[in-house]
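Hi,

Here is the structure I promised to pass on. Have a look at it first, and then read my notes below.

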Amino acid sequence: MKTGYSPKVKELFMQPKNAGVMEDADVTAIAGSVACGDMLKLYLKIDGEKGIIERATFESYGCVANIATSSMITEMVKGKTLEYARELTFKDEITALGGLPKIKYHCASLAVQALKIALNKWDFINGKKELDEVFARSLLRGILDPSTDKDLIASGTVKRIEIDGRDVALLIHISSEEHRDEILSNIAEVFEKMNVNLKIEEE
């Protein structure tokens with residue numbers, strides 16, 4: 001039966017490369033939501049002096065395309081410079097995969113989104129980027145609210161963001177108790193490795 005997936009997509013689904021937790025990762029990033037169907041967590045080990053991504057691994061929950069695109073993004077950045085990784089687009093990944101059904105383009109977009117989040121966090125950790133409200137909003141846009149299938153900013157889940165140095169205070173409204181623990185856990189993961197003091201208040 002035809003699936004619409006390229007041989008490369010099927011190969012990476014059946015035998016994913018770089019799957020699993022990286023305990024000594026320098027930076028992590030998440031994008032998506034388990035409850036919404038597709039989610040990935042990306043781990044990067046970076047040689048800061050050389051500006052090289054030494055290793056990349058992932059954890060994925062979702063469909064064939066989500067697993068394949070998560071695996072592919074790690075393959076595309078391993079051994080590459082940070083500058084190269086910053087320029088990657090979801091179209092580059094789709095090309096490397098030999099194509100994707102259009103209905104699955106969002107999976108490639110999620111993978112690249114996670115990469116961009118990780119690189120921005122790396123810049124912050126190394127003093128090259130300040131944590132302000134704009135940056136915090138970009139991080140929180142990586143998480144989907146399962147109740148609305150929109151990110152936490154677009155869905156209005158995050159009502160207020162206050163930042164004072166490394167102190168981050170969020171006021172949030174979670175409309176579904178069913179997804180409360182997942183959302184709170186994902187928010188904490190968004191700021192992982194950033195050494196910030198996170199305070200979450202619910203209205």
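This is a predicted model: local features need pLDDT of at least 70, side-chain atom pairs count only at pLDDT 80 or more; totals for chains, interfaces and linings use all residues.

Leaving aside its neighbours within four places in sequence, which residues is Lys121 in contact with?

Now the list. Beyond those sequence neighbours, Lys121 is in contact with Val27 and Thr28, with Phe135 and Leu139, and with Glu189, Val190, Phe191, Glu192 and Met194. The lysine itself is found in helix α5, which covers residues 105-125.

Lys121 is buried yet has no salt bridge. The nearest side chain of opposite charge belongs to Glu192, and that is 5.5 Å away.

Where does the side chain of Lys121 reach a backbone oxygen at 2.9 Å? One such place is Val190.

Two other lysines are worth a look for their rings. Lys80 lies over the face of Tyr84, 5.7 Å from the ring centre. Lys129 does likewise with Phe135, at 5.0 Å from the ring centre, and Phe135 is also one of the residues in contact with Lys121. As for rings with rings, the structure holds two aromatic pairs.

Next, some backbone angles. Most residues other than glycine have a negative phi. Asp149 is not a glycine, yet its phi is positive, at about 65°. You will find Asp149 in the loop between β4 (144-145) and β5 (150-151). Is Asp149 buried or exposed? It counts as exposed, because its relative accessibility is 51% and the cut-off is over 50%.

Lys193 is another non-glycine with a positive phi, about 75° in this case. Lys193 lies in the loop between α7 (180-190) and β8 (197-202), and with a relative accessible area of 38% it is partly exposed.

Finally, Thr89 sits in the loop between α3 (82-87) and α4 (90-96). Thr89 counts as partly exposed, at 34% relative accessibility. How many residues apart in sequence are Thr89 and Ala108? The answer is 19, and in space the two are 8.7 Å apart, C-alpha to C-alpha.

Cheers

How values were computed: Residues are numbered from 1 along each chain as its sequence is written. Side-chain values use heavy atoms; hydrogens and water are left out. Helices (H or I, at least four residues) and strands (E, at least two) are DSSP runs, numbered from the N terminus. Buried means under 20% relative accessible area, exposed over 50%, partly exposed in between (1.4 Å probe, protein chains only). Lys and Arg count as positive and Asp and Glu as negative; His and the chain ends are not counted. A salt bridge is a side-chain nitrogen of Lys or Arg within 4 Å of a carboxyl oxygen of Asp or Glu. A polar contact is a pair of N or O atoms within 3.5 Å; within protein, one must be able to donate a hydrogen and the other to accept it, and residues adjacent in sequence count only if both atoms are side-chain atoms. Contact means heavy atoms within 4.5 Å. Rings of Phe, Tyr and Trp (its six-membered ring) pair if their centres lie within 6.5 Å; planes under 30 degrees apart count as stacked, over 60 as edge-to-face and the rest as tilted. A charge sits over a ring if NZ of Lys or CZ of Arg is within 6 Å of the ring centre and within 35 degrees of the ring normal.
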